[in-house]
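User: I would like to learn how to read the features of a protein model. Please take them one at a time, with the general idea before the case.

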Amino acid sequence: MAVNVDDMYYAYSANSDIASKGEYGGVVTTIMKYLLENNIVDAIVAVEEGVDIYDAVPCLITDPEDVIKSAGSIHCGTLNLAKFVSKYLDGCRDMKIAVTCKPCDAMTMRELMKKGKIIEDNVIMIGVNCGGTMSPVPTMKMIEEVYELDPKDVVKEEISKGKLIMETKDGEEKAISIDELEEDGMGRRENCQRCELKIPSNADLALGNWGVIGPLAGKATFVEVFSERGADILDKVIEAGVINTEEPIEKGITIRENINNIMLKNSAKKKAADIEGTTGDIIDVFHAYQDEFSKCMKCYGCREACPLCFCEDCCLEAEGPEWVPGGYTPAAPFFHLTRMVHMVDACTNCGQCSEVCPSEIPVSKVWATVNNKVKEVYGYMSGFDTGEPIPFTEYPKKDNIHK
């Protein structure tokens, strides 16, 4: 059986230990283990549980027996692995890796590949469907105050049929409408609520439980192939007998598509609400958010967290007539304006900036508003390899500019 791009499967691990510990059949873990065992990659980049389920830690795995440590999902894992790959692995210039990635991870890696900060040929992206992640501290507070559960007793969270479900270690489940929670400022991170990519079609493979029905419901993963490399990898693991596959049920394919469409429709509503009231032009947006930016203490946390703000020598810290280290630094809006000019065309709405801001400035919302204007004017979608010129990085021919 030859695997082709656009093929779909139900799959589950042939290893019972991995199947039981992994999420929905342990296919991601099994694929990663196979890639390491057969020297197709030098290492695996994934996320593992730290002190508890609210603590997501990036990890580099070189021993196939250690891959099992990264099995399962961590819905409070808000970090973007693209930063880990580009900064701490030198963009994979001297090593080959396979990385588990959410849609925003994959989008950010695609942008960094375009800019030569990650070597595309050395990275295999194993994508996982994502309906959104939750910030750890607010989530623990929500569980305690709204769900009336001890956060330490919760072992799993899941969004299903419009509800955010908490499952405790004794098997108890408690579900609350995700819409009601988010209307009250709880639930998923605000950038996740307006995210326009739920199934990572920009990765080599996309895996998730949406659409798995029938006898394999809860025991298998829905796998879709999005690249020739993904087809080759899946073909190898099937041939090796390390995963079992079945043809997906037609109704399951429809259900998966419907789930994705409903989520995207809700994201579009959130996005429209977030950008309402401004033209999207930079000066207009910064004027609209001047009260929020007045709270900025210039800690540079957003710059440090942003995976796409990668200059080794930041111009905001360079010696010059405008400002010098330890002396005068520009007003907060100028700092953010400078960052925006550098990378707003590449922003992937990953939310890292808002996540770390001690003043709780909605930085990600501001970037998303201006980035949406870039899409309108240039027709450019960040996070995808479409061959289109990058608006502020590459000089396009005049007839390529959308007016």
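**Reading charges, cores and cysteines**

Analyst: Glu190 is partly exposed, at a relative accessible area of 22%. The model is predicted.

User: What does Glu190 meet in a salt bridge?

Analyst: Side chains of opposite charge can pair when their charged atoms come close. Here the partner of Glu190 is Arg194, with 2.3 Å from N to O. Arg194 counts as buried, at 4% relative accessibility. Salt bridges with shared partners link Glu190, Arg194, Lys270 and Asp274 in one network.

User: How many salt bridges does a search of the whole structure find?

Analyst: The search gives 19 salt bridges. One of them joins Lys33 to Glu37, with the closest N and O atoms 2.5 Å apart. Both residues belong to helix α2 (residues 27-37), and because they are 4 residues apart, about one helical turn separates them. Lys33 is buried at 17% relative accessible area, whereas Glu37 is partly exposed at 41%. Another salt bridge pairs Asp66 with Lys69, where the closest N and O atoms are 3.7 Å apart. Asp66 is partly exposed, with a relative accessible area of 27%.

User: Is Lys271 buried or exposed?

Analyst: Lys271 counts as buried, at 15% relative accessibility. This lysine sits in helix α9 (residues 250-275). Leaving aside residues up to four places away in sequence, Lys271 touches Arg194, Glu196, Asn372 and Lys375. Arg194 also belongs to the network described above, while Asn372 and Lys375 are among the buried residues of α15.

User: How should I read the length of helix α15?

Analyst: Compare the span of the helix with the one expected from its residues. Helix α15 covers residues 363-378, which is 16 residues, and reaches 22 Å from its first C-alpha to its last. The expected value at 1.5 Å a residue is 22 Å, and the span is close to that. After α15 comes Gly379, with a positive phi near 65°.

User: Which residues in α15 are buried?

Analyst: They are Val363, Ser364, Val366, Trp367, Ala368, Thr369, Val370, Asn371, Asn372, Val374 and Lys375.

User: Which residues touch the most other members of the largest nonpolar core?

Analyst: In soluble globular proteins, nonpolar side chains tend to be buried together. The largest nonpolar core here has 47 residues, and those that touch the most other members are Ile97, Met109, Val123, Met125 and Trp367. Elements giving two or more residues to this core include β2 (43-49), β4 (97-101), α4 (103-114), β5 (123-128) and α15. The element that gives the most is α15, with 5 residues. A separate core of 29 residues lies apart from this one, and its members include Leu36, Cys59, Val225 and Val237.

User: What does Met109 touch?

Analyst: Not counting residues up to four places away in sequence, Met109 touches Ala82, Val85, Val99, Cys101, Ile118, Val123 and Met125. Of these, Val123 and Met125 were also named with Met109 as residues that touch the most other core members.

User: How many disulfides are there?

Analyst: A disulfide is a covalent bond between the sulfur atoms of two cysteines. To look for one, check the distance between sulfurs against a cut-off of 2.5 Å. The count here is 0 disulfides. Cys92 is in none, and its nearest cysteine sulfur, that of Cys101, is 12 Å away. Cys92 counts as buried, at 0% relative accessibility. For Cys299, the closest cysteine sulfur is in Cys357, and the two sulfurs are 6.3 Å apart, so they are too far for a bond. Cys299 is partly exposed, with a relative accessible area of 43%.

User: How many helices and strands does the protein have?

Analyst: There are 15 helices and 11 strands. The radius of gyration is 21 Å, close to the 22 Å that the globule rule gives for 403 residues, so the protein is as compact as a globular protein of that length. Along its principal axes, the C-alpha trace spans about 65 × 50 × 40 Å. Of the 403 residues, 50% count as buried.

User: How do I read contacts along the sequence?

Analyst: Look at how many positions separate the two residues. Among contacts with a separation of 6 or more, 70% are between residues 24 or more positions apart.

Note on methods
Residues are numbered from 1 along each chain as its sequence is written. This is a predicted model: local features need pLDDT of at least 70, side-chain atom pairs count only at pLDDT 80 or more; totals for chains, interfaces and linings use all residues. Side-chain values use heavy atoms; hydrogens and water are left out. Buried means under 20% relative accessible area, exposed over 50%, partly exposed in between (1.4 Å probe, protein chains only). A salt bridge is a side-chain nitrogen of Lys or Arg within 4 Å of a carboxyl oxygen of Asp or Glu. The expected span of a helix is 1.5 Å times one less than its number of residues. A nonpolar core is a set of buried Ala, Val, Leu, Ile, Met, Phe, Trp, Tyr and Cys residues joined through side-chain atoms within 4.5 Å. Contact means heavy atoms within 4.5 Å. The radius of gyration is taken over C-alpha atoms; the globule rule is 2.2 Å times the number of residues to the power 0.38.
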